[in-house]
Amino acid sequence: MCLLLGKNITCGYDTVDILSECTVGVKKGEIASIVGPNGAGKSTAMKSIFGLLKIRLGKIFLDNEDITNLLPQERVLKGMGYVPQTNNIFPTLSVQENLEMGAFIQHEDFSDILAYVYDLFPVLKEKRNQQAGELSGGQRQQVAVGRALMTKPKVLMLDEPSAGVSPIVMESLFQKIIEIAQQGTAVLMVEQNAKQALEISDLGFVLNQGKNLYTDTGKALLSNKEVKKAFLGG
Amino acid sequence: MEFLNSFILITNYIIIPGLTYGSQLALGALGITIVYTVLRFSNFAHGEFMSFGTMSTILLTWVFIDSNIKFGTFPTAIIVLPFSIIFTIIYCLLVDKFVFKFYRQQKSKSVIVLIVSIGVMFFTGGLIRFIIGPGDKNFMDGERFILKAKDFKMLTGLDEGLTIKSTQGVTIILTILLVILLFWFLNKTKTGKSMRAYSDNQELALLSGINPERIVLITWIITGTLACVAGTLYGLDKSYKPFTYLHLVLPIFAAAIVGGVGNPIGAIIGGFVISFSELLITFAYKKFFFYILPDNFLPDGLLQILSTDYKIAVSFIMLVLVLLIKPTGIYKGKIIE
Amino acid sequence: MQDKQHIILLFLSMFILIAFVGFFQSWNLALTIFNLCIISSIMSLGINIQWGNAGIVNFGIMGFAALGGLANIIISMPPTAKVWDAGAIFILIGIIIFILSISFSILVWLKSGLSKKKKYIINFFLIILGYFFMRYIIDSPIKAIEAIEPAKTGYLGGLDLPIIISWPIGGLLAALIAYVIGKISLGLRSDYLAIATLGISEIIIYILKNEDWLSRGVKNVNGLPRPVPYEIDLQSEPWVLELTKLFNIPVSEISSIIVKLSYSCIFLLILIGILLLLEIAQKSPWGRMMRAIRDNEVSANAMGKDIKTRHLQVFVIGSAIIGIAGAMLTTLDGQFTPVTYQPLRFTFLIWIMVIIGGSGNNFGSIIGGFLIWFFWVQSEPLGLWFISQITAHISGTNIIKSHLLENAAHIRLMFMGMILLITLRFAPKGLIPEVKR
């Protein structure tokens with residue numbers, strides 16, 4: 001049973017459908033990746049699940065509850081965390097203030113989550129008083145992920161977390177994602193680097209032209225010859 | 001002794017007036033900067049908002065004086081300031097509700113909103129002249145001087161006198177208090193931080209559950225406060241004439257841009273850069289050199305870089321220079337497309 | 001066809017409005033308004049070509065108009081005697097030296113491979129040195145010139161040529177300055193450009209106000225020559241006396257009407273000429289390209305269009321038109337008074353005309369110029385009438401009533417603001433919207 005499930009989503013911009021009858025989801029404590037070629041509708045799937053894009057058909061469930069008609073902010077309160085692909089930090093705010101803004105809608109004390117985020121990303125603790133905009137690309141991604149973690153989400157959605165960072169940084173970022181999942185937070189992400197993403201994923205969705213092409217465990221997809229040939233570069 | 005005299009001369013004619021005028025410009029520039037970063041347009045009506053605030057202060061001052069409410073030698077205008085601030089805020093909020101809100105919701109280009117702000121400028125300017133008239137108003141009462149030149153000379157035995165007007169003292173102290181308060185608010189309170197977050201990245205702020213309407217409300221509260229105080233202090237120090245406030249908007253823009261638009265610290269620095277360059281460039285240095293140079297080295301002429309008539313033009317020259325050489329200003333500001 | 005009817009209807013109503021003034025107030029006033037309407041329209045056309053076609057925000061109208069006014073002095077005033085003895089040539093030399101030092105510093109800034117710090121230092125000294133050298137050369141001749149009969153002249157004077165020449169020269173002068181301004185500031189974002197042009201125009205006014213040797217400063221230059229006959233000469237003409245009898249109005253009035261009518265004719269010709277040229281330009285490939293750039297700068301850039309040059313062209317052309325209008329205005333006034341140049345009246349009011357008429361449409365700008373100038377002039381009496389109506393029942397000595405009546409004239413500012421805000425909100429395309437070509 002999926003913790004977060006987007007079922008048979010059809011949506012798009014204006015009259016053009018980008019997704020048609022697409023289903024993606026993630027189970028508790030697991031990592032799921034959405035991969036596929038450019039223009040397959042991966043980011044659109046993320047946006048529609050988080051409510052940034054109105055969907056025409058289909059339903060979205062969180063913990064078996066229908067959340068199709070909720071605003072993004074309300075979804076945050078229900079336990080979803082979202083990291084956009086770009087512009088995902090407040091550049092002139094300090095690192096700590098960025099994290100505080102993540103917890104903005106919560107009225108309770110968040111010092112324990114802050115400690116958890118700093119534990120997860122020690123470098124952020126070191127640079128807590130620096131402006132987030134001055135950090136390196138990888139550190140900025142950490143700020144962005146950390147900000148989304150501040151509401152203790154049940155599920156964390158990452159839109160291309162490795163965009164614009166070096167392979168080494170990506171490696172360590174993925175390590176952190178595994179850690180986050182191990183702590184019980186489900187992770188649903190979109191990735192351009194399909195191979196590396198599927199390696200750490202429990203479940204993978206291969207999209208093409210807005211449709212589910214393959215859905216299987218990460219390992220199975222990695223060994224699937226057709227997937228390999230078409231999307232993983234041989 | 002001669003050195004001390006020259007120092008007092010500079011203090012009297014440049015440092016104290018520069019700090020005063022710089023404070024007034026800084027408060028004005030802060031208002032422009034905050035509207036620019038949060039609401040994303042250049043507000044040409046800001047000078048008229050300052051004028052509106054000053055008008056409120058003047059009207060209230062008259063009411064207080066008429067009802068014989070006095071506070072010793074303290075200027076009445078400062079006592080009524082909290083009330084006139086409220087009036088100014090209400091006016092700003094009304095303007096926002098009936099004018100600016102629409103364009104915010106339409107996500108209009110910032111240049112369109114700039115032209116809209118010119119409409120607001122016309123309307124407000126007319127309203128003010130209609131209510132209080134176009135004439136010169138002096139509303140300073142109470143003790144005029146903190147330090148008089150004569151007393152200073154007696155006290156120190158120097159040739160040069162030092163004068164500190166009460167308005168100058170009040171301006172500098174009030175500015176320091178207000179700036180401290182503003183920075184405390186922006187950096188230490190949750191609301192202040194959310195305001196900065198909103199100006200940094202609107203989309204992400206919305207995702208984080210920050211309520212934009214609340215941010216807009218607070219922005220106008222701050223802007224109204226700054227405008228009212230800046231206007232009142234300027235009017236107390238010089239005198240109030242609606243016409244001058246229309247022209248004040250350009251030096252204030254100059255201050256905001258020179259410092260780096262979108263950066264509150266920049267706005268303050270910019271205010272002082274403008275005020276001091278105005279004074280330094282139009283000051284006649286003859287007397288200064290008279291003190292520090294031997295007699296036979298003293299050149300003729302006033303030793304003035306530009307004549308005093310160009311005082312305000314200096315701020316425009318600074319503005320143009322900064323725009324051409326370093327459009328981001330001294331402190332790198334935010335560029336909003 | 002609908003569009004044409006719409007335009008004709010608007011212009012017709014405008015003329016009826018002005019005719020009303022003629023019938024109910026006076027024909028003299030109606031013609032005064034009409035002439036200034038034409039000048040306002042020409043200025044609006046200048047802004048419209050910049051804003052409507054290229055999206056350039058020029059808040060420097062006041063400065064360009066004043067430069068046109070300056071051309072009046074330089075071209076048509078008689079030269080002041082003995083200025084050459086006083087060393088006028090040194091002023092010229094001094095200014096050239098200063099311009100050279102600035103040009104050289106720009107050259108250093110752009111072309112030399114020095115480090116930024118060195119550039120700052122070199123430029124700083126270049127400009128400071130150039131400035132003080134200029135001051136050293138020009139200070140005493142300026143003093144000498146300003147001392148020549150200060151009550152009457154005290155300035156360089158002009159070339160004593162027919163004043164009508166000063167109109168194109170005013171346009172040229174404005175174009176020249178616009179070229180320099182555009183060259184250095186057109187790369188700025190639109191609101192910075194707005195502030196920069198406003199600042200530069202203020203600087204121009206400050207110079208004209210304070211450099212007495214050039215423009216007599218606040219002492220004004222009076223008695224500019226005219227392209228039309230003087231009233232006093234007309235009054236002795238037999239055909240004028242004939243007309244006086246015919247219409248049964250005093251000779252002083254009819255002569256003044258004739259003078260104003262002649263101005264109207266010349267101005268109308270110029271307005272129509274500029275309008276025709278602009279319409280041709282807009283329909284040409286050049287105009288299409290301008291609008292393509294305005295609507296999508298990124299893709300136009302990608303297509304290899306040289307945006308900066310195009311913007312510069314349009315900025316120079318528009319400013320030149322304003323310069324011409326400025327020169328005409330000063331001629332009509334018969335005097336050059338730097339203190340009257342106010343951004344509210346010259347810059348922002350013209351912007352209201354353009355927006356209300358319809359950005360991007362030349363006919364719109366003209367009707368905007370007419371309508372707004374008409375109401376700018378007429379809303380003062382209108383406001384007074386309005387206030388006296390609503391305060392009619394209050395007794396004569398009431399302090400509020402007298403205060404309201406005293407300040408009623410300022411209603412027009414509120415009125416203008418309201419018109420602008422209402423147009424922007426409910427009819428952002430203006431009275432005559434841009435034609436989609």
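Leaving aside its neighbours within four places in sequence, which residues is Thr282(B) in contact with?

1. Let us start with that residue. Thr282(B) is in contact with Gln304(B), Leu306(B), Ser307(B), Thr308(B), Tyr310(B), Lys311(B) and Val314(B), where contact means heavy atoms within 4.5 Å. Thr282(B) belongs to helix α11 of chain B, residues 264–282. Its relative accessible area of 6% makes Thr282(B) buried; buried means under 20%, exposed over 50%, and partly exposed in between, with a 1.4 Å probe and protein chains only.

2. A word on the ground rules. This is a predicted model, in which local features need pLDDT of at least 70 and side-chain atom pairs count only at pLDDT 80 or more, while totals for chains, interfaces and linings use all residues. Residues are numbered from 1 along each chain as its sequence is written, chains are lettered from A and ligands numbered from 1 in the order in which they are written, and side-chain values use heavy atoms, with hydrogens and water left out.

3. Now for chain B as a whole. Its secondary structure comes to 13 helices and two strands; these are DSSP runs, numbered from the N terminus, with helices being H or I of at least four residues and strands E of at least two. Of the 337 residues in chain B, 60% are buried. Among contacts in chain B with a separation of 6 or more, 77% come from residues 24 or more positions apart.

4. Chain A has its own make-up, with 10 helices and 10 strands. Its radius of gyration is 17 Å, close to the 17 Å from the globule rule for 234 residues, so chain A is as compact as a globular protein of that length. The C-alpha trace of chain A spans about 45 × 40 × 30 Å along its principal axes. Buried residues account for 53% of the 234 residues in chain A.

5. Not counting residues up to four places away in sequence, Lys7(A) touches Cys22(A), Thr23(A), Gly58(A), Lys59(A) and Phe61(A). One of these, Lys59(A), is itself partly exposed at 41% and meets Asp66(A) in a salt bridge (3.8 Å, N to O). A salt bridge is a side-chain nitrogen of Lys or Arg within 4 Å of a carboxyl oxygen of Asp or Glu. Asp66(A) is partly exposed too, with a relative accessible area of 37%.

6. Other salt bridges are worth a visit. In chain C, Arg294(C) pairs with Asp295(C) at 3.0 Å, N to O, and Asp295(C) is exposed at 56%. In chain B, Asp96(B) pairs with Arg104(B) at 2.9 Å, N to O, and Asp96(B) counts as buried at 6%. Salt bridges with shared partners also join Lys165(B), Asp237(B) and Lys238(B) into one network.

7. Finally, how do the chains meet? Of the two pairs of chains in contact, chains B and C share the most contacts. No contact joins chain A and chain C, and their closest C-alpha atoms lie 21 Å apart.

How values were computed: The radius of gyration is taken over C-alpha atoms; the globule rule is 2.2 Å times the number of residues to the power 0.38.
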